[in-house]
Every structure is written in C-alpha cells, then in structure tokens.
Amino acid sequence: MPPAHPFDDDKLKEECGVFGVVGVADAANFVALGLHALQHRGQEAGGIVSHHPLEGFNSARRFGYVRDNFTSQSLMETLPGPLAIGHVRYSTAGSKGAAIRDVQPFFGEFAMGGAAIAHNGNITNAIALRRELIERGSIFQSSSDSECIIHLMARSLQRNIPERMEDALRRVEGAFSIVAMTRTKLIGVRDPLGVRPLVLGKIGDGWALSSETCALDIIGAELVREIEPGEMVVITADGGVDSVFPFRRQSPKFCIFEHVYFSRPDSIIGGRSVYETRRQIGVELARETPVEADLVCPVPDSGTPAAIGFAHESGIPYGMGIIRNQYMGRTFIEPTEQIRNMGVRLKLNVNRALIRGKRVVLVDDSVVRGTTSRKIKQMIIDAGAAEVHFRIASPPTAWPCFYGVDTPQREKLLAATMSEEEMREHLAVDSLKFISLDGLYRAAGEASGRNKSCPQYCDACFSGEYPVAPSDMIEKGFQLKAAE
Ligand code: SF4
C-alpha cells in the first residue's frame with residue numbers, strides 16, 4: 001500500500017468514493033475511470049466487483065491508486081460483464097492502513113444470489129451492531145463498519161436482496177451513500193439525512209451511480225439527478241429505475257464540508273457548481289473580514305476558488321504566491337524522517353519575486369491542527385513578505401466528524417483548544433479570520449444564512465451540533481456539546 005502522504009496530515013480526509021454502472025459492455029472499465037475521477041475521495045485502496053451472466057461475480061481489490069492498478073488489461077479482463085461497482089477508500093473505520101480484507105466492495109452470498117456493496121460514510125452505531133451480530137453468530141471478515149450491512153442483510157427474512165438491504169439499513173445509524181449490485185441490478189441508497197452525496201447518471205442505454213458528477217463527466221454520462229436523502233433506487237439492466245423511500249423522512253443534512261473542500265470543484269452539488277460556491281465563500285469572507293493588503297494568494301489547490309472570490313470582492317490583486325509541485329506523488333520517496341523535516345517545501349514553493357515586500361492575504365480552506373499553516377506562513381515570511389493575513393474559507397473546525405471523514409481527536413483540533421486570537425498568536429500571523437457559519441451558508445445558496453432551529457446542512461465539525469448522535473463514540477466517553 002502507498003505510504004501516507006507526508007504533508008497531508010493537516011487536512012480532514014474524505015472518506016470514500018463509490019461508483020457503479022449497469023447496462024454497458026465491460027462495465028468495469030467505466031467503473032475504473034469513474035473511480036479515477038473520485039480518487040481525491042480516497043487514495044489508500046480501491047476495488048471493483050463485476051458480474052457477467054456466464055462467468056458470475058468477479059472482484060479485484062488493491063492497495064494504491066486506481067491508475068496504478070485498474071489500468072492493466074490483464075486485470076480488467078478478469079472483470080467482465082455489463083454490471084460493476086467500485087470503491088475508493090481512505091479508511092475512516094476499521095484498521096487504518098491495514099489489510100486487503102478491509103478494502104471494498106464487500107460481497108455476500110445469500111440464498112437468492114450474491115450481492116456486493118460499496119459504502120461511503122460511517123455507521124455511528126457499528127460497534128453496538130457488530131457486538132450484537134457476533135453474539136448471534138456472525139463471523140466478520142474485516143474490521144470495517146460497512147461489513148455490518150452484509151451481516152444484517154444475511155439475517156433479514158425478506159425474499160429479495162433490495163428488501164433485505166432496506167431491512168439492514170433501517171438498523172444502521174449515521175451516514176451512508178451506498179452503491180450495491182446483485183446479479184441483475186444496480187442499487188443506490190442514501191441515508192435519511194443525505195449526509196454524503198450520490199448522483200444518478202445516464203450513459204447510452206445504461207445507468208451510472210456516482211459519489212460526484214465529475215466522475216460521470218469522465219465516462220461521458222449525463223447527470224440525471226441526485227439520489228434523494230432516504231431514497232433507494234433499484235436499476236435493472238433493461239433500463240428500469242424503481243425508487244422507494246424505506247426510511248422515516250427527516251429534514252436533510254448534507255455535509256457542508258463537501259462544498260468547502262471534499263468535492264472536486266468541477267462537480268455539481270444540489271444544482272450548484274462547487275467551484276462557484278467556493279468562489280462565493282471568498283466573496284463572503286472578504287465582506288466579513290476585510291483587510292488592507294497588496295496581494296491575495298491561495299494555498300493551492302483547494303484555497304484557489306475562495307482566493308479568487310476574495311480578490312474580486314476586495315479589489316486586492318490576486319496572484320499565485322505559492323506554487324504547488326504537481327508531480328509530488330507518493331512514488332517520489334518514502335517519508336523518511338529527513339524528508340519529513342523538509343515538510344511542506346517539497347509540495348509547495350513560494351513565488352519569491354511576487355511575495356517580497358508585500359502584505360499578503362493567504363486564503364486556505366481550513367485549519368485543522370495548524371501545523372501546515374504555520375509552515376506555510378514561515379515560508380511566506382522567509383520570502384520577504386511584509387505581513388501575512390490568513391483568511392479561512394470555513395469556520396473553525398472544533399469538533400470531530402463521525403460521518404465518514406477522518407478527523408483528529410478533538411484535543412488535536414486547534415480550534416477546540418484555542419480562541420481565534422490564541423490561534424493567531426500560535427500561527428504568528430498578523431491576522432487570522434474565519435468565515436462565519438452564516439456566511440458559509442449564504443455562499444452555499446442559503447440567502448438567509450443558517451436556520452438555527454433546523455440547520456439546512458450538517459455542520460457538526462464547526463457547530464458541535466450532531467444531527468445523528470454518535471452513539472458508539474458516546475459509549476466510549478465522547479462528550480457532546482452542552483446545550484446552550
Ligand atoms: S461533521 Fe463536518 S465533515 Fe462531517 S459530515 Fe458534518 S459537516 Fe461534513
């Protein structure tokens with residue numbers, strides 16, 4: 001498996017990407033392309049399961065990037081058929097960086113045939129479910145929370161696989177966007193709150209399900225619509241799409257961090273361009289936190305659209321003061337101690353000629369531990385900047401995510417232990433400002449900002465208000481925010 005990237009440990013890590021195709025020849029090839037477009041959602045491992053009417057189910061699961069594994073003709077020839085699903089993973093549950101047995105899709109053989117599932121999200125009652133299932137005789141193969149779904153399906157008394165899946169998912173709490181398959185059907189499901197994304201696309205006579213629209217684009221599929229929160233679609237090879245809503249209806253709570261950072265800027269979420277939302281975050285940030293400066297620079301790449309918006313709104317010139325080395329990949333070197341000490345310089349370099357003598361506004365998407373922000377600030381100062389002002393395109397990240405994003409423990413989050421002024425001192429910058437929650441909501445299309453009595457999004461990592469109680473973590477001692 002690839003070593004953890006030495007410099008990305010100061011970002012929240014999304015999680016997983018899922019993709020599925022039915023009704024096209026050699027569906028696995030399309031799935032591989034889709035997973036490649038979703039690689040930003042998980043770089044640790046990937047897997048594909050396909051079904052061929054004569055050859056049955058086949059699967060391949062590998063550590064590493066999609067492009068390094070699922071481009072080989074000899075491998076792809078082992079995944080024939082018109083129906084396939086796939087998964088890219090950054091482990092959010094189960095053992096981190098561990099075994100191939102944790103790599104999805106997972107497969108289960110039932111009396112009515114086999115089924116494979118790929119899950120994006122995190123089950124917040126997985127520990128309790130696993131305990132119960134093991135007590136009742138289930139034998140788990142992996143350490144992943146997602147495997148609970150297969151065992152719950154096995155115990156269901158329903159007569160077909162989609163109904164067994166409904167049964168299973170009614171027991172599951174937390175976030176799930178699932179792409180699954182039987183011998184003849186492609187299935188997509190979103191949890192009742194719709195925390196993680198899932199979209200439906202059309203490709204020729206076939207259909208595709210994807211975490212994001214950017215992966216539909218790569219295979220030439222057209223976006224049809226989003227799968228709705230709480231919806232299950234069952235798609236057959238002859239082209240029928242059945243939709244059911246098996247769960248109690250609730251007010252949706254899509255992850256607002258998808259807009260800020262996780263999704264690709266060329267994806268469309270809720271009918272809005274992610275790029276445009278990020279640019280608008282920069283506009284709101286400039287209105288809320290003005291500053292006198294000479295240059296607005298993004299921390300590449302994720303800070304770029306917000307920096308463009310900030311520069312446009314403030315009238316301060318925009319420039320690429322930090323240049324990212326596009327080819328800094330995991331293949332370059334093992335992260336030895338010496339290389340680690342070079343830190344962020346291997347990935348980012350300062351454009352000295354542009355920075356020297358200037359009052360610089362640095363726009364970044366988030367501050368998690370603050371370790372990278374400190375290094376970047378030092379690079380800018382070393383390059384001769386007169387002042388450094390950080391502007392952050394998300395509110396302070398003060399709470400961990402339990403819905404499929406890898407976050408440090410609460411004590412490790414800078415904003416959990418320091419006030420804004422203390423963070424500014426810690427980062428040793430001239431000013432540090434974050435967008436407000438209301439500003440973020442406005443940028444995401446909610447003109448009146450956040451509805452405090454019923455927020456339109458999940459924003460728990462900023463607000464501490466968890467739309468689904470993280471019951472496993474509470475059992476382990478996690479303290480929820482005290483009621484105000
Ligand atoms: S806690 Fe934050 S990262 Fe997690 S789903 Fe909610 S908004 Fe997204």
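User: Which residue just after α10 takes a positive phi?
Analyst: Gly315 does, with a phi of about 80 degrees. Keep in mind that this is a predicted model.

User: And which residues of helix α10 are buried?
Analyst: Helix α10 covers residues 304-314, and its buried residues are Thr304, Pro305, Ala306, Ala307, Gly309, Phe310 and Ala311.

User: What covers them?
Analyst: The cover over the buried residues of α10 includes α9, β18, β21 and β22.

User: Let's take β21 then. Why is it described as largely enclosed?
Analyst: Strand β21 runs over residues 359-364, and five of those six residues are buried, so the rest of the structure largely encloses it.

User: Which way do β18 and β21 run, parallel or antiparallel?
Analyst: They run parallel, and four bridges join β18 (residues 295-298) to β21. As an example, Val296 has Val361 in β21 as its bridge partner.

User: How many bridges are there between β21 and β22?
Analyst: Six, and this pairing is also in the parallel sense. Strand β22 spans residues 387-392. There, Glu387 is the bridge partner of Arg359.

User: What unit do β21 and β22 make with helix α13?
Analyst: A right-handed β-α-β unit, in which α13 is the helix at residues 371-382.

User: Back to β18. Where is Asp301?
Analyst: Asp301 sits in the loop between β18 and α10. The peptide bond joining Pro300 and Asp301 is cis, with omega about -5 degrees.

User: What about the bond from Gln104 to Pro105, cis or trans?
Analyst: That bond is cis, with omega near 5 degrees. Pro105 belongs to the loop between β5 (83-89) and β6 (106-110).

User: Now Thr289. Where is it?
Analyst: Thr289 is in the loop between α9 (274-288) and β18.

User: Buried or exposed?
Analyst: Thr289 counts as buried, because its relative accessibility is 8% and the cut-off for buried is under 20%.

User: What does Thr289 touch?
Analyst: Setting aside residues up to four places away in sequence, Thr289 touches Phe310, Arg391, Lys433 and Phe434. Phe310 is also one of the buried residues of α10.

User: New topic: aromatic pairs. How many are there?
Analyst: The count comes to 14 aromatic pairs. Among them is the pair of Phe257 and Tyr261, which is edge-to-face, with 6.4 Å from centre to centre and 70 degrees between the planes.

User: Where do Phe257 and Tyr261 lie?
Analyst: Both are in helix α8 (residues 257-262), four residues apart, which is about one turn of the helix. Phe257 is buried at a relative accessible area of 2%, whereas Tyr261 is partly exposed at 21%.

User: Which residues do ring pairs link into a cluster?
Analyst: Trp399, Phe402, Tyr403, Tyr466 and Phe478 are linked into a cluster by ring pairs.

User: What lies over the face of Phe245?
Analyst: Arg249 does, at 4.0 Å from the ring centre. Elsewhere, Lys202 lies over the face of Trp207, at 4.4 Å from the ring centre.

User: Stay with Phe245. Where is it, and what is it in contact with?
Analyst: Phe245 is in the loop between β14 (241-244) and β15 (254-255). Apart from neighbours within four places in sequence, Phe245 is in contact with Glu228, Pro229, Gly230 and Glu231. Phe245 counts as partly exposed, at 30% relative accessibility.

User: How far is Phe245 from Val189?
Analyst: They are 56 residues apart in sequence, and 9.3 Å apart in space from C-alpha to C-alpha.

User: What about helix α6, how many of its residues are buried?
Analyst: Seven of its ten residues are buried, so α6 (residues 161-170) is described as mostly covered. The buried residues include Ile161, Met165 and Leu169.

User: What caps its N-terminal end?
Analyst: Asn160 caps α6, with a side-chain oxygen 2.9 Å from the backbone nitrogen of Glu163.

User: Last one: what is phi at Asp26?
Analyst: Phi of Asp26 is near 50 degrees, a positive value in a residue other than glycine. Asp26 lies in the loop between β2 (16-22) and α1 (27-37) and is partly exposed, with a relative accessible area of 43%.

Methods:
Residues are numbered from 1 along each chain as its sequence is written. Side-chain values use heavy atoms; hydrogens and water are left out. Rings of Phe, Tyr and Trp (its six-membered ring) pair if their centres lie within 6.5 Å; planes under 30 degrees apart count as stacked, over 60 as edge-to-face and the rest as tilted. Helices (H or I, at least four residues) and strands (E, at least two) are DSSP runs, numbered from the N terminus. Buried means under 20% relative accessible area, exposed over 50%, partly exposed in between (1.4 Å probe, protein chains only). A charge sits over a ring if NZ of Lys or CZ of Arg is within 6 Å of the ring centre and within 35 degrees of the ring normal. Two strands pair if DSSP finds at least two bridges between them. A crossover is right-handed if, with the strands pointing away from the viewer, the path from the first strand over the helix to the second runs clockwise. Contact means heavy atoms within 4.5 Å. A polar contact is a pair of N or O atoms within 3.5 Å; within protein, one must be able to donate a hydrogen and the other to accept it, and residues adjacent in sequence count only if both atoms are side-chain atoms.
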